Amino acid sequence: MEPKKRADLFHRVPTSTSLALERNPQLVRSSGIVAADNVRSKEIEVAEEILQGLPSIGYPVIKINQWGKHQPRMIRLTSLGIENIRSATDTVSSIYEYAKVESILMRDMRTFVIKYQGAKHDYIYRSPVAMQIVQEIQSRTAIRKTTDRKKRTYNIALDYQKKLSESAPVYTNIPPN
């Protein structure tokens, strides 16, 4: 009996990425990134462009501070976040990114409350178009949070692929079928 060659005794254990490449030949590796990852990268890029392209919208509101004082303000929704602007001086007194919005709720038909991560207090606003403002903030917040989530999972996948490609191949002594 002829001795078996070393290559016959040992074979590489396939990874999920290599199996995906075998099953889907249209997924071609380019610079260590599977083409499917390029699609996800493009989705993130498009979402970022949508966010950056959003117009700034300003709404006159009455801010009710923590002591119940009614203050005329302008709330401006930009591509980056929500600005609270003092009407008398036209100065931005606070700005929060959409990712920092914990919740936004309607107190009644004209009053809404925004809770921000890290804020000392809730922001209470009153406006005849409160429902429209809330809807716009919710839409922008959802886009921002979804895009951030996709970025995190994409980066995790890239890190995992990098570790797989850097690790030594795994061999077993089970002969191939």
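This is a predicted model: local features need pLDDT of at least 70, side-chain atom pairs count only at pLDDT 80 or more; totals for chains, interfaces and linings use all residues.
Me: What is the average pLDDT?
Reply: The protein chain averages 78, and 73% of the residues score at least 70. pLDDT is the predictor's confidence in each residue, from 0 to 100.

Me: Where does pLDDT stay under 50?
Reply: One stretch is residues 4-21, for which the model has 29 contacts beyond four places in sequence. Another is residues 24-32, with 13 such contacts. Contact means heavy atoms within 4.5 Å.

Me: How many helices and strands?
Reply: The protein chain has four helices and eleven strands. These are DSSP runs numbered from the N terminus: helices are H or I with at least four residues, strands are E with at least two.

Me: Which strands form the open sheet, and in what order?
Reply: Seven strands do, in the order S7-S6-S5-S4-S10-S9-S8, with antiparallel pairing. The edge strands are S7 (91-97) and S8 (101-108), each pairing on one side only. Neighbouring strands of this sheet are turned by 30° against each other on average, direction ignored. Two strands pair if DSSP finds at least two bridges between them.

Me: What packs on the sheet?
Reply: Helix H4 (residues 130-166) does, touching S4, S5, S6 (81-86), S8 and S9 (111-116). The direction of H4 makes about 165° with that of S8. Axes are lines fitted to C-alpha atoms, for helices over the stretch in contact, and angles run from 0 to 180 degrees between N-to-C directions.

Me: How many bridges join S4 to S5?
Reply: Eight, between S4 (residues 57-64) and S5, which run antiparallel. As one example, Gly-58 has Arg-76 in S5 as its bridge partner.

Me: Back to side chains. How many salt bridges are there?
Reply: The structure holds four. A salt bridge is a side-chain nitrogen of Lys or Arg within 4 Å of a carboxyl oxygen of Asp or Glu.

Me: What does Arg-76 meet in a salt bridge?
Reply: The side chain of Glu-83, at 2.7 Å, N to O. Glu-83 is buried, with a relative accessible area of 12%, whereas Arg-76 is partly exposed at 31%. Buried means under 20% relative accessible area, exposed over 50%, and partly exposed in between, using a 1.4 Å probe and protein chains only.

Me: And which residue does Lys-115 form a salt bridge with?
Reply: Asp-122, with the closest N and O atoms 3.5 Å apart. Lys-115 is partly exposed at 31% relative accessibility, and Asp-122 is partly exposed at 35%.

Me: Which residue forms a salt bridge with Asp-148?
Reply: Arg-144, the closest N and O atoms being 3.0 Å apart. Both lie in helix H4, four residues apart, about one turn of the helix. Asp-148 counts as partly exposed at 21% and Arg-144 as buried at 13%.

Me: Switching to Thr-111: buried or exposed?
Reply: Buried, at 2% relative accessibility. Thr-111 lies in strand S9 and, beyond four places in sequence, touches residues including Leu-105, Tyr-125 and Ala-130. The C-alpha atoms of Thr-111 and Ile-64, 47 residues apart along the chain, are separated by 9.6 Å.

Me: And where does Thr-141 lie?
Reply: In helix H4. Thr-141 is buried, with a relative accessible area of 8%. Leaving aside neighbours within four places in sequence, Thr-141 is in contact with Tyr-98 and Val-101.

Notes: Residues are numbered from 1 along each chain as its sequence is written. Side-chain values use heavy atoms; hydrogens and water are left out.
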